[in-house]
Amino acid sequence: MGKDSDKQETGKFTDSKYYTNRELSWILFNKRVLSEARDKQIPLMERVKFLSITASNLDEFFMVRVAALKDMMNAGYTKPDIAGLKPVEQWELVNKATHELVNLQYSTYKRSLVPLLLSNGLRIIEQHEDLTAKEIEYVDRYFMENVYPVLTPMAVDSSRPFPLIRNKSLNIGALVKKKEGEEELEFATVQVPSVLPRIVPIPSEKKGEKVIILLEELVERNIDKLFLNYNIVCAYPFRIMRNADFTIEEDETEDLLKEIEKKLKKRQWGQAIRLEVESGIDRRLLKVIRDELQIKDEDIYQIDGPLDLTYLMKMCGLEGFGHLKESGYASPQPVPELSEDCDIFEEIRRHDILLHHPYQTFAPVVEFIRRAAKDPDVLAIKQTLYRVSGNSPIIAALALAAENGKQVSVLVELKARFDEENNIGWARMLEKAGCHVIYGLVGLKTHSKITLVVRKEEDGIRRYVHLGTGNYNDATAMLYTDVGMFTSSRPIGEDATAVFNMLSGYSEPRSWNKLALAPLWLKDKFLYLIARETGHAKAGRPAHIIAKMNALCDRDVIAALYEASAAGVKIELIIRGICCLKVGIPGISEHISVHSIVGNYLEHSRIFYFENDGASEIYCGSADWMPRNLERRVEILFPVEQPDLKEKVMHILEGELKDTVKSHVLKSNGTYEKVDKRGKPVYNSQLEFSLEAKEAARMSQTKVNERVFIPETHHQ
Amino acid sequence: MKTFAAIDVGSFELSMKIFEISAKMGMREIDHIMHHIDLGMDTYATGKISYGRVDELCRYLNEYTQIMKSYKASEYKAYGTSAIRETENTAIILDQVQQRTGIRIEVISNLEQRFLDYKAIAFKGGAFNQLIEKGTAIVDIGGGSIQLSLFDKDTLISTQNLRLGVLRIRDYLNHLDVGRAQYGMLIGELVDSQLAVFRKLYLKEKQITNIIVVDDYISHLMQKKFVSGETAGQVEVEAFHQFMRQLQEKTPQELTHAFDMPEESVILLYISYLLLSRIIAVMDAKQLWAPGVTLCDGIAYEYAEKNKIILPNHNFEQDIIACTQNISKRYRGSRKRGETLEKIALTIYDSMKRIHGLGERDRLLLRIATLLHDCGKYISLVNLGECSYSIIMATEIIGLSHIEREIVANVVKYNHLEFEYYDDMGRQSMLDKESYLKIAKLTAILRVANGLDRSHKQKFKNVKTRLRENELVITVETNEDITLEKGMFNHRAEFFEEVYSVRPVIKQKRTL
């Protein structure tokens, strides 16, 4: 076969008709989350939480993805995407789909959740008009004491320009008329203060019932108190979303930090891309807002219910509804290999250790750094931090280590989306403690998760490495499923040192032992691994790929998968979110299946299995098969080589493929459906993993106890 | 266990390796940090290293110091090579660097640098010892020049520098503005004439089977097993050529991807290959080995050897002597006379140990001086001293530092000429007092030894010495007439007495 026919062959797999647009695929993902909110099998408060998640997901989607589409349209950019759609075409489809999604959100809210909450003793007063006299007395007093002092009402007339409406803020817009003088209508607005809780509890008259009202209703009710010289014609809540997807021009700025701080302030000023208003809003009022914000009709969402459903997350936290929450899942369990009083370094020396969060606790990772901070033999601690929790124990441990004279290098990624403000704060704190803080690499986002502890031992330097698929965030580690590995393997230790040398700005090493890094080597590695399976299949040997990730949208990787499938490789994908690959295309993707698990925990680990003709290889890493991961981020892929660890990781993949409860399957028509349960045992992989972790912890606990001598109490 | 940092302040890269060194475990590299910094560009183009570069150098050296501290490295060595050596303001820059970073950079000569590379190769042990049993050449391809070293029966016998480094050639080709297709032809023309001379003068009929390659590009491919036999770094010449021929069909972009190499390096790889293939052709070698050593490895090895943490597995002194003997041979020195002189001089040296207080290394210098004591006669019998001095100063003797070479040259010179005292000698050279004293002490010994063999007939079969209070009794065993020697001896003995306050006395012992 010549080169030309080779090209034709690959060309066959890159045809845009074989690909799904990523935004549409994302909306399908959010629909899967929404389906959890609609699932009657799930405890009520969990359903409420899922609905809240779909709302915050959608907000982010607008600010980043829709904003990007808008930018492209504004710039007259017409290059088609992976699925052959131009930005305008994508936007039209996305717009239609988001409107449908929002309708579904609110029908879920109003028809299912609100009535169910009421029957479970939580009454939401949807409109202030529904308040009883006694309640009115309470809320008006609450308003005057707590809300009124922090409000900043703003009226618009010829001398006062239209005020800035802040991104994502909730506002009450009103049409007002001067009490004396002209007949002309004027626009007035007031922001519902974000510093006050959105949910206002009202003392209930009925026993066992909780009553709440939303803050904006109080503001709306009392709006006449804000504009004393005016008559209020009408008042309705509205909310806008602005373009927030900025790219930081790293080459052009001296100080990255300052630039981001600057951008953060600027973010409020972006172009308005979505306007949410209460349905039934006065048409004159809507026109004023629409014209001022220069927003198109298609971008206006008339909402039948409260704007911004993210408040539901807070509602899940209300006291007294614990029985409506998920309780079948065990809390994160101790790791059998790492008992509380063990010497963590000794255990790692003995054996690589795999952690599976959140079924197993994240505590050993924190403990690892904490011990290292205090251990007199530890010389250095190096870590990449992407998103950390507020008040992170890891940050505290790192600061302590620096104070103890260890060399502490921390790469802090400031470019983590929406987290910059948070990150800058603790980065400064680490610097003060004496840590060497590196603020990311020019042009690249550092997404890899790696910790290196260098210890001087009797027989020389020994390196302890933790590699993971999730961020060093003890809070999300209780919600995200991730895999982590401790190892003291020398080749990996050397690579880890090289990684940090590179991140510190030194040249790349002459060669790598075990780790594969994006953006330089990782994509090629994946393409190579996939092609190797293709080769096996072509030669008639068994060939099998199982890959689990959050998103799949890299054209080259998908084309390679198509080619592999066409050659007969069995490919099982477990993809939580976006998937631009299509299944069941004759001659292209008949051997590919896509599962998507949306469950109690957020699926987050990335695991890759390649059968390799019996000499199977398993990798874990921080990268999805997305161009941004493979080409514009620093990512690490690490092999899991110890046989018992491989087995454990394999068990994760197999368990998820077996899932019949939380798993959706991609159909050849592009939709997702729940797994057909017929003839299969009921299997909820997340629940099973949770039970297994509990059992494993219990077993190891018993083992410890068995060592205790139990005196005989009965004489036989 | 020692933790040691080796820093190489190179022409285009500042690199540091951290080693753990112990007698039990040998040398273990625990970190390798590299930073690209173009000191060479400044030096070669303007003769000076610019302020900006010095600043960059200091900044990185300060960071390196932090890294050293983080490993609790107890000692370090920092060596500067050609970019530092050839810059006009070397002393100022070194001082500035030391003031700002605390790092003392020592400047080493080309040959010292190559010798360290060589030591690093030799330290690789097994493969090296096996290879050099057959005819072997080390081809050390640097940015500015190539060093060709030849082995004969496990001893290094000669080494030559050709100004044909990869960067130098690249700049030259850039200047000519030619396409890649013409590189082969042009490099052939540039290189072959010099290689022909090398062949005629040094290679002669020697059979070279193996070539050991030291470079930054080909080694990379061989170490990473892109091309190699069963052991990483080793490959048959035939297979190597075949592999490289395939590469020529690919674009630099493709190669960049295939080898994880920056595109710039791909061009240098290509030049490196073309150079190497000319050398392979001239030597008709069969086997290649790229041990993948760097100067840092050599620096660490030198440190370990000096501090007696690691015992050498190869006799480097023998290499130095063999090379010197070859130099002597080239200038038609008499091997026999050299050996006689060496024997006498060393006998005296050893018996004077208590008085001169010099060490093993100085003994080696004396040996070299005896071997080269009359090389100048190749040019002129009258100006023997001056000519010998000039020859030695112009000849690279592997394993010797610049100062050591100057000591040898001076000892040889003052063996023939009236000794000049420090104030006079210092006027012409940068020699320090310590080196000056060494020259005086070694010259005194060489003069006496030379006096004992004035007739060049090697009359003395056996020479014995005994130190007795203020006299050094030299007993010579011979039945021949030694009037000439005795006559010359008194004159030569004066300088010896002046230096040591010991008078040499000659005694003849006749044998039956």
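Helices (H or I, at least four residues) and strands (E, at least two) are DSSP runs, numbered from the N terminus. Keep that in mind as you move through this predicted model. Residues are numbered from 1 along each chain as its sequence is written, while chains are lettered from A and ligands numbered from 1 in the order in which they are written. Local features need pLDDT of at least 70, side-chain atom pairs count only at pLDDT 80 or more, totals for chains, interfaces and linings use all residues, and side-chain values use heavy atoms, with hydrogens and water left out.

**Stop 1: a strand residue**

Select B:Gln287, which you will find in strand β11 (residues 287–289) of chain B. Is B:Gln287 buried or exposed? Its relative accessible area is 16%, so B:Gln287 is buried (buried means under 20% relative accessible area, exposed over 50%, partly exposed in between, with a 1.4 Å probe and protein chains only). Now show its contacts (heavy atoms within 4.5 Å). Leaving aside neighbours within four places in sequence, B:Gln287 is in contact with B:Thr209, B:Asn210 and B:Ile211, and also with B:Gln234, B:Val235, B:Glu236 and B:Val237.

**Stop 2: a helix residue**

Next, pick B:Arg100 in helix α4 (residues 90–101) of chain B. With a relative accessibility of 36%, B:Arg100 counts as partly exposed. Which residues does B:Arg100 touch, not counting those up to four places away in sequence? They are B:Tyr51, B:Asp55, B:Cys58 and B:Asn62.

**Stop 3: the whole of chain B**

Along the principal axes, its C-alpha atoms fill a box of roughly 80 × 50 × 45 Å. Of the 512 residues in chain B, 58% are buried.

**Stop 4: where the chains meet**

Finally, display chain A beside chain B. Here 22 residues of chain A are in contact with 25 residues of chain B. The area buried between the two chains is about 2200 Å², with carbon and sulfur atoms giving 44% (buried area is the accessible area, 1.4 Å probe, that two parts lose on being put together, summed over both). Select A:Ile461, A:Tyr506 and A:Arg510: they supply 32% of the area that chain A buries against chain B, more than any other three residues.
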